[in-house]
Amino acid sequence: MGFLPVPSDDELSSDAVAAKNRFQDEHPGPLSALDRVLLTNVPVFEAYIRWFDVKDELEALVGERAVTLFSVALSRAVPAPFPTAFFENELREGGDDPENPQVTEAEALLLEWGRAVGADPSRVPPELIARVEATFKPSTRAVLAGYAGLMFAVCVYSLLAQLDPEGPGTA
């Protein structure tokens, strides 16, 4: 068990069950262990699930695979084992090799930027920032930066919760 236990459905408050049901109406499928831990406090859960809205918007702009690659790079660089395992599994399910994906030029740039942001967002090299600026228009960069910040928060939360990357809810 980690610092924050992963509650079963029976252990959720009625408010948490209602929040879970609202979430699953929009995002069908099983909850991850992270989602379940977040449900122990409904306002925290509701704040963190906005990540899905930003992820959906970013996927519409750069593609689902590019967002997954960016998420892997950022979470590996933090390093945050739980989100890394989650996104590596998404790549595997899509037929990719998470250790050696074949990438486009834009995806390679997002991998590089994700590694830099995950390692230390205050030390992203100016030449890398310039390449991101040259590749993505300002409105896309705004969503990329917002998503990066939310991913960073998810990584930190998963580390604080001490979620097991091999445990239930990673795939």
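**Notes on helix 7 and its surroundings**

1. Helix 7 passes helix 9 in a right-handed crossing, meaning that the near helix is turned clockwise from the far one by less than a right angle. The contact (heavy atoms within 4.5 Å) is made by L110, W113, V117 and G118 on helix 7 and by L144, A145, A148 and F152 on helix 9. Sorted by class, that makes seven nonpolar residues, one polar and no charged; Gly counts as polar here, while Ala, Val, Leu, Phe and Trp are among the nonpolar ones.

2. A word on the source: this is a predicted model, where local features need pLDDT of at least 70, side-chain atom pairs count only at pLDDT 80 or more, and totals for chains, interfaces and linings use all residues. Residues are numbered from 1 along each chain as its sequence is written, and side-chain values use heavy atoms, with hydrogens and water left out.

3. Back to the pair: helix 7 (residues 105-119) and helix 9 (residues 138-161) pack at about 50 degrees, their axes 11 Å apart. The axes are lines fitted to C-alpha atoms over the stretch in contact, with angles running from 0 to 180 degrees between N-to-C directions.

4. Buried residues (under 20% relative accessible area, 1.4 Å probe, protein chains only) of helix 7 include E107, W113 and G114. The buried residues of this helix pack against helix 4 (50-62), helix 5 (64-77), helix 8 (126-135) and helix 9.

5. Elsewhere, have a look at the cis peptide bond joining V78 and P79, with omega about -10 degrees. P79 sits in the loop between helix 5 and helix 6 (81-93).

Definitions and conventions
Helices (H or I, at least four residues) and strands (E, at least two) are DSSP runs, numbered from the N terminus. Buried means under 20% relative accessible area, exposed over 50%, partly exposed in between (1.4 Å probe, protein chains only).
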